[in-house]
Each structure stands twice: as structure tokens, then as C-alpha cells.
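The report below is meant to be read with the sequence and the coordinates at hand.

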Amino acid sequence: MDSSFDLARTCGAILDALDTGIVILDGECRVAIWNTWMERATGLMQVDLAGRFLWEALPELADSRLRGAVGDAIQAGASSILTHSLHAQLLPLRLPDGRPLLHNLIIRPLPVGGAGGCMIQVNDITVTVTRERVLRERRDAKYRAVVDTAQDAIVTTDTAGTLQWMNTAAERIFDFHSQEAIGKDIGLLLSAGDCAHWPRDHDALTMNEEAMQPVELVGQRRDGTPLNLELSLASWRSENRVFVTGILRDVTERRRVRDALEQAVADKTVLLSEINHRVKNSLQLVSGLLNLQMASIEDGSAKALLKDASDRIAAVARVHYRLYQSDRFSTLDFAAFLEELCSDLAEASGTTVCDLVLEAGALEINIDHAAPLGLIANELITNAIKHRDTDPAIIRVSLETGPGGYALTVSDKGPGLPPDFNAAKSRTLGMRIVTALTRQLGGKLDILPTGKGTTFRVTVGDNQHDVPRQTDVPPRITSGENAA
Amino acid sequence: MTRTVLIVDDSKLARMVVKSILSKTRADWRVMEASGPAEALDLLDGEMADIALVDFNMPEHDGLWLAAEIRAGNPVMPIAILSANAQDAILAKARELDAAFVEKPLSEEALAAFLSGAALKLKRAGK
Amino acid sequence: MNDGIDAEDEGGERLLTELERDALTEVINIGVSRAAKNLSRMVKDQVHLSVPRTEIMTRDRAVEWLSRRENSSLVAVGQDFQGSFSGQALLIFPEKTSLELVRSILDDTLPLEEIVDLEQEALAEIGNVVLNGCLVVMANMLKESLNMSLPRVMRGSSQVVLLGADEEDPGEMVLFLTIDFAVRARSINGYIALLMDLPSITAIKTLIREYVRGFEES
């Protein structure tokens, strides 16, 4: 048995059975082998091609990359690949049904007949390319349903921040065709200041999605107009590469509404403040009118009554003035109020007339209590001044706060109260004002025993003393939104 | 007749290659060498050269720039650009400057062919 | 372009004389230019490849050298070559520019999804063109025949790319070329690394010396 003969026959059979195109050229680029697969794909037969120069048999290849690659293989032993992606149609190959056969070429040096030569291997990738396309389309169709109909912009970059893909909403929101934006940096869509919110490199690789909250940032449209966006991020892997996808929601409207709300609240703040100012003005006007009235009255006691009335109105005006000054309208810093009241009363009476000492701890009083308590203080102090028996009157005013509530104490070293004095039954206007207002406050009026003089104490318990939580913001907005 | 050839290439070896071919094919011709465009222009200021062989790939200014400079001062001098990078754009620019193109690595035949053509051109121009 | 090779090994001995360094650079330049020509025909547009820097160093130092210049992930196309000098040739890019490079070379009419699918394949071929350009010219000019493998694509840090999966002798030498790629008005930086063992470097030295002598004598 001639084994070398069998080997040649067998090799020939193998070549013709292969599901790949094999072309073997000798050192002069003449065709030595053109297997059955090649015959089927080109319609050219080995018998017609054998011994001919490939470039003469297929002249369109004479000036191609294939020729260079063949030359490199024969002369220098270099292997080359020519891929379908970079060359639309390398060889004129067709599938049985007439469609073009998409292929890759691999060229390798191969000694032929003792001299240099090369082998060209042709791989049919039509199915792969088609299948990949079909798979991709199928996969895409699933996501396309979500992604294309999404209202929010969805954008993908690699770890360097280079845009890979964006959905239709993104095109619309940012005003870019995806073809224009792909390949550019994500900074194209984000404002310069907020570009850092998009993770890159190390940050992208180590993104911890559980820990990531949506973040608000400013993006930009094609023409530079800023966009208020909320960004949610995720990272994923494909073929050993890491990608970052972000959903960018346009929150411009939400932001606009929030801003409008904040503005409305600010406006209300100003308005309420103004109201206090005007109330003070109105009360001062009334007080002024009474003073005028006073001037035209001859009767001394009538005059005194009008003066009292005018002073009381002034005390209430003072409350509103303090509120306006402090930019508050839910609480009043009563200690500060007392300070002003005392200094005003002392000044009005003259320094020789009264010597007022004030001890006040800090106390914020609900606005509904401020005016009554203010009037009470005004009455008690004015009383002490009026009923002094020495010059100056020695008056002590103290304001104590405690966990149980607060207490206002006014004591003097005057002549003292008559022994059968009953505050509740007193007929004087001043006392009636004090008891009535104390009752209104839900408090207690006590007359404390002292050696010399009189001590009144008004105590208001904590359950009556309803101070809203200390804040500098305006009252709650009840519109259904989460309250601050 | 004897000619002077200016060789401009930043690679000493490349200049040696040209000189070697010249000594084989045109042994009586004179050779001037420059390692860059600036040096080449300086040389041409001082001395006359008949033919210029200019490498394309040089730092600061490429061969086409130098060819343009030389051409501006001398409309007749045969100039050849030497390069492995025979791209259409470069070939076209060389043609515009009326310069030839010889591919690297240099073969004796290719360079000799250019030199013959250059000698003929000079004779016809009465130089 | 003759920026010179820093050709000293660890012992301080000069590996190549100045003229030999010059010759090696010129050979490489011609190879790279040839590759540019081939690429430009594929791209149907101008491609410029220039080699502003050439260095020789040990593999360890090469990893350090490359890490210092590129601190992000890298993509490399590699081919082995065998003959009187053997080793590995690598075309190295920072990963972020590789997609840009592929896009600039691929047909612009392809839809983007296809470009991403084809990126791996296209990179392999681009690498193949560039590396073959260099190696074939080196082989031809030095009158040698080399056996070159098909390209393969790798991704990773400079460590992974230069040292590879198996821990070969990190003392092997690397010839490092920094290349500038200018394609379709984009400028991309990359590197070519030729990894060879000392016997191969010596073999190349001899070949270059002979090559140079061929011109010195005339």
C-alpha cells in the first residue's frame, strides 16, 4: 500500500469536505488549491484557476489589502486577518440563495513545493452576523418597549465617561441626535459644576448602588439652557467592560413649583410682619386721638381716665411693635418686651419717680397670650408707680420660667394693700383688667405676703402655656405636601 | 557632468543609505548632508545644490514644508520626497510642488531612476 | 524622526552604538509609515503615524513606565513572532480611545450598535495591520524571515498587558515606542511594545550591525 498516495488523497478529501474556504497560493501567487467550498461560493472551478495568478483571475483583488497581506505572508512570514467589519466585500462570494456571503479572511504563510507560499482561509460569518443582529434586535425589542417609551432620559457611558447610547427621550430633552452625542463626553449634557456627579474610572468601578440616592443636578440642552434634573445611576458589565447607565428625570416643573411655594411663604412672612406694623400704627393712632381728646378736657379725673386708657392702648401697641421688630408672628420674646416696657414706663415717669429692677429669664410666649400678659404687666407696674409712698418708687419685676410654666411677679415697697383686699372682688378698673386677663390666660393671680409693700404674682401653668415649637420658619402649610 | 546632491534626513543611517547608493551609481557626484530643514536651508544659502532628496518624516517641519521652501527659491531644482508612507494626499501635494516621490526602504533601482530623470531635467533647463 | 533610544541595560553598558540606534529607529519608522499607508487605504482618508520616542528597558520598568503614563484600563493587540529573533509585539491603547479609534476607522454608515459589536474584531485587524507593518519591514530590511502569529486582543492594566497570564522572566527587555496616530482629524496616542529576551536583542543587534556595515563599506 502506498501510504503517501493515500495521504494526499485523504488530504484532498479533507479540504473538499471542510465547511471553510481554503485557497493555497505558491510563492508567485499562483493558485495551487481552490477547494470545493470556494468553488461553490464563487462559481469558479479549481481546474480553471490552477496555475493562474490570483490577481489575474480576479482582477478586482489586484490592488487590495489581500494582495498586501499575501505578499507579507510569502516574503516575511506574517499572518494577517481581514475582517468583515473593516472590509465590506473582500471576495465575491455568494450563498446558495444568491445573498452575499459575509466572511473573514485569515492569511498564513505556508511552504508550498519547497518554497514560500501562503494559505487563505475563508470563514463564513453570515450566520453569526445575522444571528447577532437578530439576538440584538430581540434583546433590544424587550428594552425598547421600556426605554423608547420612557419619558425620562436614559443615557449610558463607559467608565471614562464617553457616551455610548441614549434613548429617544434623552434626544428630546437634550436636543441632540444620539449619533451626534455618542463618542463625546457626558459633560456635553451636564453643567460644568455638576459634571462631577457622573462617576468615572475608579468611582464607576466601585459604585455601590444601595448607597446611592438620586441626586439633583443641573444639566444643559444643546443650546446651553440649563435643565433641572434628578439622576439615578446604575453600573453593569458586558464582555469584561463596565458601563454606567443613568436615568435623568426632568424636575424643572417640580423645582418650579417648590420655588413658587417658597416664594409664597416668604411673601406671607412679609405680609404678616407688615400687619403687626400697621396694627401698632393703628393703635398708636387711637392712643394719639385719646391724648388729643385729653387735651380738650378740663376735668382732671376725666383726663386721668383718658390717660390710663391711652397708656393701656400703648402697651398693646408695644406688643405688636415688638412682634414686628423681631420678625416673628407666632411667639413673642417676653423678656425683651418687659425690658422695653419697664424702661419706657420708668422714663415716662421720670427717673426720680421710679427705680425699676427687672429680672427676667428668657421666655417665648404664644402670641395670643402676649397682649394680655403685656397689659397685665403694664397695669401692675403702673399701679405700683401710682400708689407709691416714696420717691422714687422701688419696684421689682421678675419673670421666671420653669418646667411647670411661667410666673410674672411685680412687687413694690409702697404702702401695701388694705387688709381686707380681695383681688377678685376689687372694683378698680386696673384690678378688674388684671383678674379678667389672668382668667383669660388660664392663670392664677396671687398676692404674696411681704414685709412692706405689695407683691402680685401671675402664674400660668404649662398646659395653658402653649408655645409652638421654636422655629424661625412660618407656620405650617397645609396643602397636602410633606410638612417641613 | 558632476552634480551636487543635498540629502536631508534626521536619520544618519538613512543618509548613509543614500550616500551608499550614490557612490555605486553616481560616484563622481558631490554630496551635501543636512539633518533637518533648518540646517538644509542654511546650507543652500551658502552653497549651490543641483538636486535635493528630502525625507518626509522629520520633527518640527515635514519634508513637504521644506520642499515648498526650496521650490520657492528655485523653480527648476529636481526634488524628491522619500518616505514609506506613500499616501494619496502626500503624493498629491508632492506633485503640486513638482516634486517626485521615492518610496522607502530605498532600492537602488528606484533612486537611480529618479537621479537619471533629474539629470535629464537639469540638462534640458540648460543648467 | 530620530529622538534616540535610551539603550542602556541595568549594568550601564551600551547595548547599541549611536549609529545602530539610529538604524533601528529608521527601520521602525519605515515600518510604522508603511502601516500608516495601509491603514489610510482602508480608511480612505489620511492616516499619520509617527514615532516620537523610542526606549529600551526591562519588562518590570516597562510596567512602571506605562502605568505612570496611563492610569486607566488598557486595550492591547498582541502577536508573537519567531525567527532569529523572537518575542511578542503589542499595540497598546488606553481603553477609552480604542472605541474612538475603531469608530474613526469603521464605515460611518454602520449603525452604532453594530460598531460596538464589531469593535473587538476591528481592533484585532487594526492591530494586525500596524504590527505587521513594523515587523515585516524589520524582517525585510534585516533580510530575515519571521513567523508571525495571528493577533489577539487583551484588556487590563499595564501589568496584565505587559506581563500576561504566565509570569515569565520579568527581566526580559522591552523596546517601547510611543506612537501618535492621527486619523480623520482625531489624534490618538498609543504605544508599540516589542518584548524580546536578551538573546533576541543580541540577534537584532547583530543584524542591525550587519545592515549598517553594508552601507558603511560603500
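Does A:Asp97 count as buried or exposed, and what is its relative accessibility? A:Asp97 counts as exposed, at 51% relative accessibility, where buried stands for under 20% relative accessible area, exposed for over 50% and partly exposed for what lies in between, with a 1.4 Å probe and protein chains only. This is a predicted model, in which local features need pLDDT of at least 70 and side-chain atom pairs count only at pLDDT 80 or more, while totals for chains, interfaces and linings use all residues. Residues are numbered from 1 along each chain as its sequence is written, chains are lettered from A and ligands numbered from 1 in the order in which they are written, and side-chain values use heavy atoms, with hydrogens and water left out.

**Salt bridges**

Side chains of opposite charge can pair when their charged atoms come close. With a salt bridge taken as a side-chain nitrogen of Lys or Arg within 4 Å of a carboxyl oxygen of Asp or Glu, a search of the whole structure finds 32 of them over all chains.

| Pair | Closest N and O atoms |
|---|---|
| A:Asp26 and A:Arg30 | 3.3 Å |
| A:Arg99 and A:Asp97 | 3.0 Å |

In the pair of A:Asp26 and A:Arg30, the aspartate is buried at a relative accessible area of 17%, whereas A:Arg30 is partly exposed at 32%. A:Arg99, the salt-bridge partner of A:Asp97, is partly exposed with a relative accessible area of 44%. A:Asp446 likewise counts as partly exposed, at 25% relative accessibility. Elsewhere in chain A, one network of salt bridges with shared partners joins A:Glu216, A:Glu230, A:Arg254, A:Arg255 and A:Arg258.

**An open sheet in chain A**

Helices (H or I, at least four residues) and strands (E, at least two) are DSSP runs, numbered from the N terminus, and two strands pair if DSSP finds at least two bridges between them. On these terms, five strands of chain A form an open, antiparallel sheet in the order β2-β1-β5-β4-β3. Because β2 (31-34) and β3 (80-82) stand at the edges with a single partner strand each, one side of each is left without a neighbour in the sheet. The twist averages 15 degrees from one strand to the next, with axes fitted to C-alpha atoms, for helices over the stretch in contact, and angles running from 0 to 180 degrees between N-to-C directions.

**Chains A and C as wholes**

Chain A has 14 helices and 17 strands, and 42% of its 484 residues count as buried. Chain C has six helices and eight strands, which follow one another from the N terminus as β-α-β-α-β-β-α-α-β-β-α-β-β-α; of its 218 residues, 61% count as buried. Among contacts between residues at least 6 apart in sequence, those joining residues at least 24 apart make up 73% in chain C and 55% in chain A.

How values were computed
Contact = heavy atoms within 4.5 Å.
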